[in-house]
Every structure is written in C-alpha cells, then in structure tokens.
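User: Hey, I'm new to this one. Can you walk me through how it packs together?
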Amino acid sequence: AIRKIVPTVATQIELSHSEAPKADASPLLEDERIVETLKGLVPSAALSYSQAVIDLADENRISFRGAALELREALRETLDRLAPDDEVMSAPGYAHEKDRTKPTMKHKVRFILRARGQSKSSSSVPEQTVVTVDEVVGTLTRAVYDMSSVATHVAAERKAVLQIRRYVAAVLHDILER
C-alpha cells in the first residue's frame with residue numbers, strides 16, 4: 001500500500017515547495033514568477049522559459065521558432081520532473097495511447113493534477129492545452145516553409161509564439177499552483 005502512494009506523496013512534496021504565479025499577475029510579472037519557481041524545480045526549464053521570453057521581447061528578431069521550441073521544452077522538462085514516466089505508468093487507470101510506448105504530456109498533466117487532489121474534469125483544460133501547445137509548435141514549424149513573404153512570416157510567427165507562451169504559462173500556473 002505504501003509503495004502505491006509514494007509517487008503521489010513525492011509529487012505533492014515537490015509541489016508544496018513551489019510558488020505559482022497569481023492569476024491576476026501581468027504577463028511580465030507572471031513570467032518572472034514562473035521562472036523563479038522553475039529555478040527551484042527544474043533549472044533547465046527556467047533557462048528555456050527565460051530565453052523564450054527574451055526572444056519574444058526582441059523587436060529585431062527575424063525568427064521565433066527557437067522561442068517556440070524553448071517554451072515547449074520548458075513545459076516538457078517540467079512535466080518530466082513532476083511526473084516521471086515510471087510513476088505515471090504505474091498510476092491507477094493509466095493506459096498507453098495508440099502507437100505510444102510512454103506517457104504523453106497530457107498523461108503527465110493528469111497525473112500531477114490528480115496527485116494534487118483535482119478531479120479528472122478539472123484537469124481536462126490543462127490536458128487539452130498541452131496537446132494544443134505541441135500541435136501549435138509543430139504547425140508553426142511546418143508553416144514557416146509555406147510562407148512566401150519574410151515580413152508576413154516574422155509577424156505571423158511572433159504572434160503564434162506569443163500565443164504558445166500564453167498556453168505554456170497557463171499550464172505551468174495550473175501544475176505549479178499550491
């Protein structure tokens with residue numbers, strides 16, 4: 001019985017040491033709080049998130065694909081730290097998705113939120129958001145090759161990556177919240 005609850009307790013302990021951004025925080029303040037929280041949990045994720053924020057603020061950038069990938073990696077590394085594959089796979093009710101051998105980011109979000117005592121219904125928005133982040137990053141990468149105008153490319157790419165930042169910040173807020 002103790003072995004079965006160890007992953008849940010370990011995740012709760014990790015989460016109890018984190019500080020999530022407040023819901024009413026400005027984007028800049030929210031980013032700072034996310035980075036500070038990630039520094040204590042997953043320093044490499046903090047660096048990736050910080051780099052993405054810096055890149056998005058740079059008006060002279062001509063490509064934002066790197067920022068999109070940094071945001072996705074910050075999210076993935078955080079999920080991997082808070083929900084290791086073996087713990088997620090041993091959780092009650094876990095089942096691989098078709099053509100997958102490991103848990104998806106969606107599985108990991110569900111695991112973290114359930115460890116915090118949230119119901120399946122309250123975890124559906126964060127779960128779908130991580131799926132959206134992955135899809136938007138992939139779509140953005142493919143769209144870069146299809147855009148004919150560099151000016152259109154830069155503006156559209158920046159706008160898409162700003163939206164990815166919003167999605168990632170929302171998920172991090174949900175999974176890091178006490």
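Predicted model: local features only at pLDDT ≥ 70, side-chain atom pairs only at ≥ 80, totals over all residues.

User: At what angle do α4 and α6 cross?

Analyst: Roughly 50°, and their axes come within 9 Å. That makes α4 oblique to α6.

User: Which residues of α4 and α6 meet there?

Analyst: On the α4 side, Leu75, Arg76, Leu79, Asp80 and Leu82; they meet Met105, Lys108, Val109, Phe111 and Ile112 of α6. By class, this contact of α4 with α6 has seven nonpolar and three charged residues, with no polar ones.

User: OK, switching over. How do α3 and α4 pack?

Analyst: Their axes are 8 Å apart, at an angle of about 155°. Since the cut-off for roughly antiparallel is over 145 degrees, that makes α3 roughly antiparallel to α4. The crossing of α3 and α4 is left-handed.

User: And what classes of residue make up the contact of α3 with α4?

Analyst: Seven nonpolar, four polar and four charged. Among them are Tyr49 and Ala52 from α3, along with Leu71 and Ala74 from α4.

User: What about the largest nonpolar core, how many residues does it have?

Analyst: It has 37 residues, and those with the most contacts inside it include Leu38, Tyr49, Leu75 and Leu172. Helices α2, α3, α4, α6, α7 and α8 each supply at least two residues of this core.

User: Which helix gives the largest share of this core?

Analyst: That's α8, with eight residues.

Technical notes: Residues numbered from 1 in each chain as written. Heavy atoms only, no water. Core = buried A, V, L, I, M, F, W, Y, C linked by side-chain atoms within 4.5 Å. Buried < 20%, exposed > 50% of the residue type's maximum accessible area, 1.4 Å probe, protein only. Helix = DSSP H or I, 4+ residues; strand = E, 2+ residues; numbered from the N terminus. Axes fitted to C-alpha atoms, helices over the stretch in contact; angles between N-to-C directions. Parallel < 35°, antiparallel > 145°, perpendicular 65-115°, else oblique. Contact = heavy atoms within 4.5 Å. Nonpolar A, V, L, I, M, F, W, Y, C, P; charged D, E, K, R; others polar. Left-handed = near helix turned anticlockwise from the far one by under 90°.
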